[in-house]
There are 2 protein chains.
Amino acid sequence: MKQTKRSMLFGSAVATLLAGNLVSAAALPTMVPTPADNPTTSEKVELGKQLFFDPRLSIDGTVSCNSCHNVMSSGTDNRPTSVGINGQRGGRNAPTVWNAAFLSAQFWDGRAASLEDQSKGPPLNPIEMGMPSEAAVVERLSSIPGYVEQFNAIFKGKNAVSYDNMAKAIAAFERTLVTRNSPYDRYVSGDKTALSQQAQRGKQVFEQSGCNACHSGANFAGPALPTGQGFYQKFPSNSSGYDKKYDLLADKGRFEATKDEADMNMWRVPSLRNIALTAPYFHNGSVKTLDEAVRVMAKAQLNLDISDKDAADVVAFLNSLSGEFPEISMPRLPDTVNNSLVGSIK
Amino acid sequence: MKQTKRSMLFGSAVATLLAGNLVSAAALPTMVPTPADNPTTSEKVELGKQLFFDPRLSIDGTVSCNSCHNVMSSGTDNRPTSVGINGQRGGRNAPTVWNAAFLSAQFWDGRAASLEDQSKGPPLNPIEMGMPSEAAVVERLSSIPGYVEQFNAIFKGKNAVSYDNMAKAIAAFERTLVTRNSPYDRYVSGDKTALSQQAQRGKQVFEQSGCNACHSGANFAGPALPTGQGFYQKFPSNSSGYDKKYDLLADKGRFEATKDEADMNMWRVPSLRNIALTAPYFHNGSVKTLDEAVRVMAKAQLNLDISDKDAADVVAFLNSLSGEFPEISMPRLPDTVNNSLVGSIK
């Protein structure tokens, strides 16, 4: 029975189990996947950085992309769920923007194929940034001369200031948010001293228990798939006390996006890169520590009652996935001279 | 009658009128006023920068100093009043943090003597960052290893992680936030081409109308006074339609801090540096454009019905006070590994 359950559980992951083992022994790829119609340029990255940090993308000028995906930190807000305009709470934990460029589907439920698609969501979400329409965003950007100048220089043409081009610039910036040279990366590149003994034991537990059936690949988020093709698993797969304790089933996951019964409680497999820095955990941010998250995963996905020692070792291994954060200069947000765009909004 | 009113209005400013004229023909001082007990060091500035950008100084991890005093922009949030935790609205317009180091009193009502004193306010303000006590802030900082390490290295001693030292670090960072080399600065340093003809006309109007009776000195905020000794004026001084239109009298200003009748509707004279970038205007942020702010000031303080041309010229002059913003590297906020400090706060 248990075996049956686990076979079901792994589903499509079974085929990638061996491949996953091989692929996961790799540092992050040097090349960041980049769509042909949005080549990365330094000017575009600079514009995207400004947009990412600009709270004027929200209706009342209080919330920027960075409010919930804090680039100065773990790329998250380290809250269970985020806070948008007017103190409103979102329903899901903010995924980190660091290394998101390596994911083949975006959002917890994979409902956006690319970084470009993803970045179009929050500005229009009524509990996040609350802009009423794409046109309203474009109108606001168009009233900031420094943006108009940059959009025109970068995207050319009559409608250079567009919602699509805003998304392209933000995505280009996000493709620069890569953390390399973690202890794990150094280890698999040949520096056998980069992982502590405990982390090496944790790596073994991680692999032998089957964690890497799903958390495979250089990004520990599954096999490298074409953009838009997400790698999903049911969570929780085994029923346990955790379901109720952490309210894990209330959110129906990908089903909410597709309304397909097969997607009930299915979630995109998240990357484990920098996982030690992005507490709290899971789609609802209900688990506060990495130690507890490891126990929940072992039980809920692998039906294992993991020992204290094994859990601590896996945590040590997961800590080796924290990379180096590149130094970034602060953007200067273009001014609206003599006026305030959000000045009439109380 | 009008004359009497203006004499009353100027009060202590009369004596500084001539001095003001002389002093205002100066670029910002090279030396930033710095208290003897808080010398600026690069390590302290770096720590202060981290603290300034860290939303964990707020109870729910959503509001940092930078949320309302945006260093990537004008040092304000360009909103009438700011938004704190839980979507709560503050009562006064956020003053810019740029060049605040040159002011001898902080806050609109001057209730804090120094940058150090000022920075202790918002974390404990229930509608701003909402921390329950100084001890709670210190406890939170103490639970972030990267902060403990820096506080110990910089401040030494048994209680290195303290609320006072937090304030010292933030103030040290703020003393680096100086915008130099504005067109005006270049003009008074000898480059007579730095101001347009219109800006030069505006400068004349500004001086001949008496704006510089109060907005004197290199910071256009009054005479250089010892720390803690603010330079205050009544606003509005003359009753006009603007009082009601912009609800200028509802907030009693410095009276709210001192309960002294003589302080009724008295306000610290704000700097005009970068004023073109910090819309909306006045203590309640009720005036959206600089042009209208100039008209209100002319009428409410000088009882002048300024002409359209003069107002436009003064706006051109005020635009010459926008300085150069130094490039700043983003801080990396110290992590709480495997855990989240605000993880249990929904």
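The model is predicted, so local features need pLDDT of at least 70 and side-chain atom pairs count only at pLDDT 80 or more, while totals for chains, interfaces and linings use all residues. Residues are numbered from 1 along each chain as its sequence is written, chains are lettered from A and ligands numbered from 1 in the order in which they are written, and side-chain values use heavy atoms, with hydrogens and water left out.

**How the two chains pair**

- Chain B superposes on chain A by a rotation of 180° with 0.0 Å of shift along the axis, at an RMSD of 0.0 Å (least squares on the C-alpha atoms of residues with pLDDT of at least 70 in both copies).
- The two copies are thus related as by a two-fold rotation axis.
- Chain B gives 51 residues to the contact and chain A gives 51 residues, where contact means heavy atoms within 4.5 Å.
- Of the interface residues of chain B, 100% are also interface residues in chain A, so the copies meet through the same surface.
- Between them, chain B and chain A bury about 4100 Å², with 52% of it on carbon and sulfur atoms (buried area is the accessible area, with a 1.4 Å probe, that two parts lose on being put together, summed over both).

**Salt bridges**

- Over all chains the count comes to 36 salt bridges, each a side-chain nitrogen of Lys or Arg within 4 Å of a carboxyl oxygen of Asp or Glu.
- Two salt bridges are found across the interface of chain B and chain A.
- B:Arg89 pairs with A:Asp60 in a salt bridge, with the closest N and O atoms 3.8 Å apart.
- This pair crosses between chains, from the loop between helices H4 (65-68) and H5 (115-119) of chain B to the loop between helices H3 (42-53) and H4 (65-68) of chain A; helices (H or I, at least four residues) and strands (E, at least two) are DSSP runs, numbered from the N terminus.
- A:Arg89 and B:Asp60 also meet through their side chains in a salt bridge, at 3.8 Å from N to O.

**Helix packing in chain B**

- Helix H3 (residues 42-53) and helix H8 (residues 163-174) of chain B pack at about 100°, with their axes 7 Å apart (axes are lines fitted to C-alpha atoms, for helices over the stretch in contact, and angles run from 0 to 180 degrees between N-to-C directions).
- That angle makes H3(B) roughly perpendicular to H8(B), a term for angles of 65 to 115 degrees.
- Residues making this contact include B:Leu47, B:Leu51 and B:Phe52 of H3(B) and B:Met166, B:Ile170 and B:Phe173 of H8(B).
- By class, the contact of H3(B) with H8(B) has ten nonpolar, one polar and four charged residues (Ala, Val, Leu, Ile, Met, Phe, Trp, Tyr, Cys and Pro count as nonpolar, Asp, Glu, Lys and Arg as charged, and the others, Gly among them, as polar).
- Helix H10 (residues 197-208) and helix H14 (residues 308-319) of chain B cross at roughly 105°, their axes coming within 7 Å.
- H10(B) and H14(B) are therefore roughly perpendicular to each other.
- Among the residues in contact are B:Arg201, B:Val205 and B:Phe206 of H10(B), along with B:Asp310, B:Asp313 and B:Phe317 of H14(B).
- The contact of H10(B) with H14(B) has eight nonpolar, two polar and five charged residues.

**Backbone details worth a look**

- A:Phe235 and A:Pro236 are joined by a cis peptide bond, with omega about -10°.
- A:Pro236 sits in the loop between strand E1 (232-234) and helix H12 (241-245) of chain A.
- In chain B, the peptide bond from B:Ala279 to B:Pro280 is cis, with omega near -5°.
- B:Pro280 lies in the loop between strand E2 (266-268) and helix H13 (290-302) of chain B.
- A:Phe282 is not a glycine, yet has a positive phi of about 75°.

Conventions
Angles under 35 degrees count as roughly parallel, over 145 as roughly antiparallel, 65 to 115 as roughly perpendicular and the rest as oblique.
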